[in-house]
Amino acid sequence: MSLMPTGTSSLTGNYRRILFALLAVAVAIGFGAAGFYLIEGWSLLDSLYVAAQTVTTVGYGDLTPATRNGRIFSTIFMLAGVGVVLYALTATVHAIVQSELIATFGQRRQSRKMSKLRNHFIICGAGRVGSHLVRALLGSKEPFIVIERDPQKVAELTNLGVIVLVRDATLEESLREAGVEYARGLAACLPDDADNVYVVLTARDLNPRMHIVARAAEEQAEPKLIRAGANRVVAPTIIGGHRMAMALTKPAVDDFIGSITANKLELAFEQLEVGPSSNLVGQKLSETNIRSKLDIVTVSIRRSDGQILFNPSGDAIVQSGDILIAIGHAESLMKLTALARGTVQSPMSNVQRR
């Protein structure tokens, strides 16, 4: 999902060339001013004035070298100064034109990438909450696009290799350009609750099937976001308060949750949907040997009718359409995901179809 890393480096190189060209002109003027000051004995201001006239070929003629050495120096300085200025102008124009071409081609390439995105996630806003979400999605290798208009944040995201749409996320055309009709999910992470309500309302209208998660800065915004069409609402202040209470009263539990969140234990939570062709369908949980063979703990099972089995017993029968909430190592979870989808046969020796 890289966004033109070579183009970004080329733009940086162009900026450096422009700065070098300007520095070369400044050095030339400084050199000429020093020469006139030492040879002709003019004041620093007059010397700088004549040096600037010389390199820019203006030549007002109000001050001219009076000594032989001054005229020799002026001749050499004219030839060298004009050359420096011509180089600086050429380098600057070349860099500007190249930057415009790179930006134009970069936008076209980015537009082509966005038009091909399917079943992706859209992140609206890359502030304090959105930036953490972006890094989490980068680690999960899920396809996503960020809508952000702050230049500094756009630059940071581009350096991370993220596809960024520099637009106002509250506008319908911005969501359409991000492929909201084909998106799998959307996260409204803007700092203003009213903007998030508008984003959720617009996105829900454009894609009724999409899963939408919204950030709420204020607790009273949660019901409004739900009515607007959000499936989930996350209030960082409330979550932070609960987490601090847990850290204060149950530090061991907080350490465990923190270890999983920071991936210190190399464990992760995953939700797995059981497909109709999966070998798991019709099996008791104890017979699947998910725990003994893959070292995965099934935390809960959510039935297709909404029923939730927390810490299901070994006698719980796996059904098609079940959502398994499991915790384990990433490699084992990938194997279980393929098994739940029915894309591979069960690797467990004693799994028998009922």
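Modeller: Start with a definition. A helix here is a DSSP run of H or I with at least four residues, numbered from the N terminus. Y37 lies in such a run, helix α1. Bear in mind that this is a predicted model.

Colleague: Why is Y37 called partly exposed?

Modeller: Its relative accessibility is 39%. Buried means under 20%, exposed over 50%, and partly exposed in between. So Y37 counts as partly exposed.

Colleague: What makes the nonpolar surface patch?

Modeller: Y37, L38, I39 and L44 make it, with an area of about 430 Å². Patch residues need over 30% relative accessible area and no salt bridge, and nonpolar side chains are joined within 5 Å. Helix α1, residues 5-39, gives the most to the patch, with three residues.

Colleague: How do you know that β5 and β6 pair?

Modeller: Two strands pair if DSSP finds at least two bridges between them. β5 (residues 211-215) and β6 have three bridges, in the parallel sense.

Colleague: What is the strand order in the open sheet?

Modeller: Six strands run β3-β2-β1-β4-β5-β6, with parallel pairing.

Colleague: Why are β3 and β6 called edge strands?

Modeller: Each pairs on one side only. β3 covers 164-165 and β6 covers 232-234.

Colleague: Which helices lie across β1, β4 and β5?

Modeller: Helix α7 (residues 193-206) does, running at about 175° to β5. Helix α4 (residues 128-140) lies across them and β2 (144-147), at about 155° to β1.

Terms used
Residues are numbered from 1 along each chain as its sequence is written. This is a predicted model: local features need pLDDT of at least 70, side-chain atom pairs count only at pLDDT 80 or more; totals for chains, interfaces and linings use all residues. Side-chain values use heavy atoms; hydrogens and water are left out. Helices (H or I, at least four residues) and strands (E, at least two) are DSSP runs, numbered from the N terminus. Contact means heavy atoms within 4.5 Å. Axes are lines fitted to C-alpha atoms, for helices over the stretch in contact, and angles run from 0 to 180 degrees between N-to-C directions. Patches are made of residues with over 30% relative accessible area and no salt bridge: like charges are joined within 9 Å, nonpolar side chains (Val, Leu, Ile, Met, Phe, Trp, Tyr) within 5 Å. Accessible areas come from the Shrake-Rupley method with a 1.4 Å probe; for residues, only the protein chains shown count as cover. A salt bridge is a side-chain nitrogen of Lys or Arg within 4 Å of a carboxyl oxygen of Asp or Glu. Buried means under 20% relative accessible area, exposed over 50%, partly exposed in between (1.4 Å probe, protein chains only).
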